[in-house]
Amino acid sequence: EESEKKLYRMAYYDALTGLPNKEMLTYSLNCAIEATKRNAGLIGVIYIDLDNFKSVNDTMGHSAGDTVLKQMASRLSSCLRGEDTVSRFGGDEFLMMVGNIKNPDDLKIITDRIMAVFKHPFSVQDIEYFITASVGVAVYPYDGEDSETLIKNADIATYSAKSNGKNMCVYCTTDMKNDIMQKLRLTNSMYRALDRNEFFLNYQPQIKAETKEIIGFEALLRWRNNEFGMIRPDVFIPIAEQTGLIRSIGLWVFKTACEQFKIFESIFSKELCMSINLSLEQLKDNNIADKIHRIISEVGVDPNKLEIEITESTVFNEDPSVLQRLKDIKSLGLSISIDDFGKGYSSMSRLKTFPIDSLKIDMDFVHGISSKSQKDQALIYSIIQLAKSLNIAVVAEGVETEEQFIYLKENGCDMIQGYYFYKPMAASDIESLLTRD
Ligand code: C2E
Ligand code: CA
Ligand code: CA
């Protein structure tokens with residue numbers, strides 16, 4: 001009998017905190033839902049995700065982390081009434097079920113009490129720690145009529161709390177649920193988009209500042225779907241990155257841009273180059289350099305005329321294998337350009353040691369020129385000087401006015417890309433543009 005009890009505890013309770021675990025909470029929630037169906041009450045499902053718990057573990061060690069979790073468990077338990085349940089749901093996540101609520105204001109009192117838990121420090125080995133949490137709330141029956149949906153929607157609200165700056169409590173809303181549904185539908189369509197030929201590329205000319213002649217293009221991905229119409233890259237590319245679909249889509253982009261580039265070259269007798277964007281996710285693929293190499297030889301394009309654009313966060317990524325892959329790609333003959341330079345955080349020492357060929361000044365600085373912002377001008381001037389002294393070429397993008405163009409040109413910016421000269425265009429439009437010249 002003793003060992004049976006022990007097994008039961010192991011199956012339904014968390015060993016560290018003694019709280020019910022996920023299975024137990026789900027079971028209790030299902031029971032509460034059944035009971036509430038008959039009395040028209042509400043149930044609150046509260047997801048609590050600690051914001052900075054990892055730093056406690058990292059700086060103080062795991063046993064300190066365990067102490068915090070135990071203190072957390074008892075503080076959270078003290079917020080509840082007898083019939084409610086708080087469970088440890090995962091590493092630093094807790095889930096609460098608050099049943100038998102008559103109106104939403106009563107639930108608000110409880111969530112306020114939960115948020116107050118984080119106003120006081122936790123003390124570990126005589127050191128005081130402030131820990132905050134992102135809390136998301138779903139309410140039965142509005143946000144779901146079964147445990148799975150309720151927990152999922154509480155999680156969605158938590159995600160919203162996190163992305164809005166953490167340390168807050170957010171109730172699930174219809175907009176939030178619709179956003180997620182829309183994202184889910186987009187994601188599902190994206191899985192079929194390559195096979196259905198829904199992707200295509202636009203090309204935006206880049207010009208030489210001095211002569212205004214076209215010297216290259218940036219390939220920009222476009223997606224047109226029957227149901228959703230044109231979907232903006234800043235909407236679908238993050239999804240493609242999160243799902244890993246960017247790997248296969250990115251290879252398609254690479255191949256298509258190379259093929260198109262050969263056509264541009266055959267029309268235009270002068271030197272040209274083609275820039276292609278590459279996500280960090282693509283550089284996590286061990287064989288990315290081989291795959292690029294294969295495409296280059298299949299299409300028969302000169303790798304010296306190709307350039308990949310990566311964002312700062314990729315170049316300055318801590319993962320040594322990402323850097324190695326960039327070097328592999330570079331040794332195939334391609335140039336490497338840093339996109340949106342100045343926007344994120346740049347490591348000057350990395351600029352010195354890493355073989356970068358060019359950098360693209362972030363559009364925000366360029367747009368600052370027209371508003372006569374001394375600071376933007378000073379930053380652009382400094383970026384250009386820095387690049388020059390390191391022998392790195394400078395491209396300005398998002399150039400929309402003559403004033404911006406002249407400032408950049410006079411300060412030594414080599415290349416320009418922007419609506420003032422050319423917008424991103426279909427391949428056929430570029431072809432007629434090149435023939436006209
Ligand atoms: P990005 O690489 O910074 O691309 C430049 C963006 O600026 C493009 O937006 C372009 O249309 C826009 N642009 C160009 N000139 C101007 C201008 O004068 N004014 C303004 N306001 N905007 C200008 P787009 O095409 O919407 O692409 C958005 C982002 O999506 C890109 O930013 C890039 O990060 C990503 N992206 C696009 N194609 C690909 C791709 O094939 N692979 C990957 N991984 N990312 C891509
Ligand atoms: Ca780019
Ligand atoms: Ca950019």
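Colleague: What makes strand 9, helix 8 and helix 10 suppliers of the lining of the largest pocket?

Modeller: In this predicted model, local features need pLDDT of at least 70 and side-chain atom pairs 80 or more, whereas totals for linings use all residues, and side-chain values use heavy atoms without hydrogens or water. Residues are numbered from 1 along each chain, with chains lettered from A and ligands numbered from 1 as written. Strand 9, helix 8 and helix 10 (280–283) are among the elements that each supply at least two lining residues; helices (H or I, at least four residues) and strands (E, at least two) are DSSP runs. The lining comprises 38 residues, with Glu218, Leu220, Pro233, Asn277 and Asp339 nearest the pocket's centre.

Colleague: Why is this called a pocket?

Modeller: Because, on a 1 Å grid over the protein atoms alone, a pocket is an open set with protein on both sides within 12 Å along at least five of seven lines, and lining residues have an atom within 4 Å of a point.

Colleague: Which pocket is the space taken by ligand 1?

Modeller: Ligand 1 takes the space of the largest pocket, where sitting requires more than half of its atoms within 2 Å of the grid points.

Colleague: How do you know that Glu400 makes a polar contact with ligand 1?

Modeller: A polar side-chain atom of Glu400 lies 2.5 Å from a nitrogen atom of ligand 1, and a pair of N or O atoms counts within 3.5 Å, so the pair qualifies. Gln204, at 2.9 Å from a ligand nitrogen, and Ser279, likewise at 2.9 Å, therefore qualify as well.

Terms used:
A polar contact is a pair of N or O atoms within 3.5 Å; within protein, one must be able to donate a hydrogen and the other to accept it, and residues adjacent in sequence count only if both atoms are side-chain atoms. On a 1 Å grid over the protein atoms alone, a cavity is a set of points where a 1.4 Å probe fits but cannot get out, and a pocket is an open set with protein on both sides within 12 Å along at least five of seven lines; lining residues have an atom within 4 Å of a point.
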